[in-house]
Amino acid sequence: EIGGAVGFLRFWPNGYYAAVTRRERRDTDLGGLRADAWCAVGLFMPPGTKLRLRFVVGAEKSDVRHCYWEGNGSVVHQVWMPDVKEPPF
């Protein structure tokens with residue numbers, strides 16, 4: 001629960017894109033998403049929610065993001081992929 005709104009945080013441990021999609025989109029502009037990232041983190045909130053947030057995985061941090069959920073799908077600001085290609089072990 002964040003500010004009275006209930007949402008959920010999702011973690012994709014093998015990256016957001018499947019292997020075939022990674023190859024196809026490697027050189028495509030994905031709006032800041034990385035096709036070759038080892039993981040992805042996303043925040044999903046109810047329509048009408050507006051937040052300022054930052055994602056953190058290990059030592060990697062996203063820039064501060066301003067997100068507004070309209071209810072008609074995902075937007076690029078609610079999903080983040082770290083720049084590193086390997087997990088922080």
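Okay, to start: does F55 count as buried or exposed? At 5% relative accessibility, F55 counts as buried, where buried means under 20% relative accessible area, exposed over 50%, and partly exposed in between, with a 1.4 Å probe and protein chains only. I'll come back to F55 in a minute.

Some housekeeping. This is a predicted model, so local features need pLDDT of at least 70 and side-chain atom pairs count only at pLDDT 80 or more, while totals for chains, interfaces and linings use all residues. Residues are numbered from 1 along each chain as its sequence is written, and side-chain values use heavy atoms, with hydrogens and water left out.

On confidence: pLDDT is the predictor's confidence in each residue, from 0 to 100. The mean for the protein chain is 78, with 70% of residues at 70 or more.

Now the layout. The chain has 1 helix and 7 strands, and along the sequence they go β-α-β-β-β-β-β-β. Helices here are DSSP runs of H or I with at least four residues, strands are runs of E with at least two, and both are numbered from the N terminus. Buried residues make up 34% of the 89 in the chain. The accessible surface comes to about 6,100 Å², and 49% of that belongs to carbon and sulfur atoms; that's Shrake-Rupley with a 1.4 Å probe, and for residues only the protein chains shown count as cover. For contacts, meaning heavy atoms within 4.5 Å, residues 24 or more positions apart account for 54% of those with a separation of 6 or more.

Next, the sheet. Three strands form an open sheet in the order β1-β2-β7, with antiparallel pairing. The edge strands are β1 (8–12) and β7 (79–80), each pairing on one side only. We call two strands paired if DSSP finds at least two bridges between them. Between β1 and β2, residues 40–44, there are 5 bridges. L9 sits opposite L43, and F11 opposite V41. On the β7 side, β2 pairs over 2 bridges, again antiparallel, and there the bridge partner of G42 is V79.

β3 is joined to β6 (65–68) by 4 bridges, running antiparallel, and L53 stands opposite R65 in β6.

On to the cores. A nonpolar core is a set of buried Ala, Val, Leu, Ile, Met, Phe, Trp, Tyr and Cys residues joined through side-chain atoms within 4.5 Å. The largest has 13 residues, and those with the most contacts inside it are L43, M45, L51, L53, F55, V57 and W69. β2 and β3 each supply at least two residues of this core. Apart from it lies another core, of 6 residues, among them W12, A37, F44 and M81.

Back to F55, then. It's in the loop between β3 and β4 (56–57). Not counting residues up to four places away in sequence, F55 touches a whole list, including L9, V41, L43, R65, H77, Q78 and W80. F55 and M81, 26 residues apart in sequence, are 9.0 Å apart in space, C-alpha to C-alpha.

Two of those partners are worth a stop, Q78 and H77. Q78 is in the loop between β6 and β7 and is buried, at 2% relative accessible area. Its side chain makes a polar contact with the side chain of W69 at 3.1 Å. A polar contact is a pair of N or O atoms within 3.5 Å; within protein, one must be able to donate a hydrogen and the other to accept it, and residues adjacent in sequence count only if both atoms are side-chain atoms.

H77 lies in the loop between β6 and β7, but counts as partly exposed, at 42% relative accessibility. Leaving aside neighbours within four places in sequence, H77 is in contact with F55, R65, H66 and C67.
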